[in-house]
Amino acid sequence: MIRNKEKSKIAFNQQAATYDEDIKGQHARNLYPVLLKKLSGLDFNTTLDLGCGTGTVMQAILQSFPDKRVYGIDISENMLQKAKEKLQDNAYLTLGDSEHLPYANETFDVVYCNDSFHHYPAPEKVIAEVYRVLKPTGSFIISDCWQPFFGRIIMNAFMRFSSEGDVKMYSKHEICRLLGLYFQNVIWQKANHTSFIVSSIK
């Protein structure tokens, strides 16, 4: 587990300077409009971005809703530095691990995770932590990579040798089962031909 996290940290520290423009960040950028549309339909005051990267989603939330309180956590120092440059003092940014969230119980109305969940070696721990920090009836949203069955089998075989800390690409059944351990009203949708978005409620 530590090895995967270290690989992720090293890779994203290296990618941070150009992540908002180059191919490495393209998949995440393709999901931003889908995630923001989902968020726009929710009533919330506080959000937490798991694996917040360069802070683009938080920046977009604040541009539309400047009164919201946005928090972000990421394992990469360089990604957080880019986020701080964008967001200045308008967001609460933390260097940390999504398996051990440094927030009090029932802090957030919404927690979301964009293009990061496939890096988590202990997804059940992450989901349990999200459940803990969400307020009653709060929402958890994951947007991430997806492939049909045979493509997913091939990708998961290669992920074992990933130098960037990739762990697992999930099927619809797998991600819904994981969320169903803690959450209700789990709704999965294809976001595009290589991605899904799934929402759930505490």
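What volume does the largest cavity have? About 390 Å³. Let me set the ground first. This is a predicted model, where local features need pLDDT of at least 70, side-chain atom pairs count only at pLDDT 80 or more, and totals for chains, interfaces and linings use all residues. Residues are numbered from 1 along each chain as its sequence is written, and side-chain values use heavy atoms, with hydrogens and water left out.

Now the terms. On a 1 Å grid over the protein atoms alone, a cavity is a set of points where a 1.4 Å probe fits but cannot get out; a pocket is an open set with protein on both sides within 12 Å along at least five of seven lines; lining residues have an atom within 4 Å of a point. Points are joined across faces, edges and corners, and a volume is the space filled by probe spheres set on them.

Back to the cavity. The count comes to one cavity of 30 Å³ or more. It is lined by 29 residues, and Gly51, Cys52, Asp74, Ser116 and Tyr120 are the closest to its centre. Which helix gives the most to this lining? α1, with three residues. Helices here are DSSP runs of H or I, at least four residues; strands are runs of E, at least two; both are numbered from the N terminus. The lining divides into 12 nonpolar, 11 polar and six charged residues.

Next, the largest pocket. About 510 Å³ of space lies in it. Its lining has 21 residues, with His27, Asp115, His118, Glu164 and Asp166 nearest the centre. Here α6 gives the most, with three residues. Helices α1 (2-15), α2 (26-40) and α6 (149-159) each supply at least two.

Last stop: two loops. Tyr182 is found between α7 (172-180) and β6 (184-192). Buried or exposed? Tyr182 is partly exposed, because its relative accessible area is 37%. Buried means under 20%, exposed over 50%, partly exposed in between, with a 1.4 Å probe and protein chains only. Thr107 sits in the loop between β3 (91-95) and β4 (108-114). Thr107 is partly exposed too, at 23%. The C-alpha atoms of Thr107 and Lys135 are separated by 6.0 Å, although the two are 28 residues apart along the chain.

Terms used
Ala, Val, Leu, Ile, Met, Phe, Trp, Tyr, Cys and Pro count as nonpolar, Asp, Glu, Lys and Arg as charged, and the others, Gly among them, as polar.
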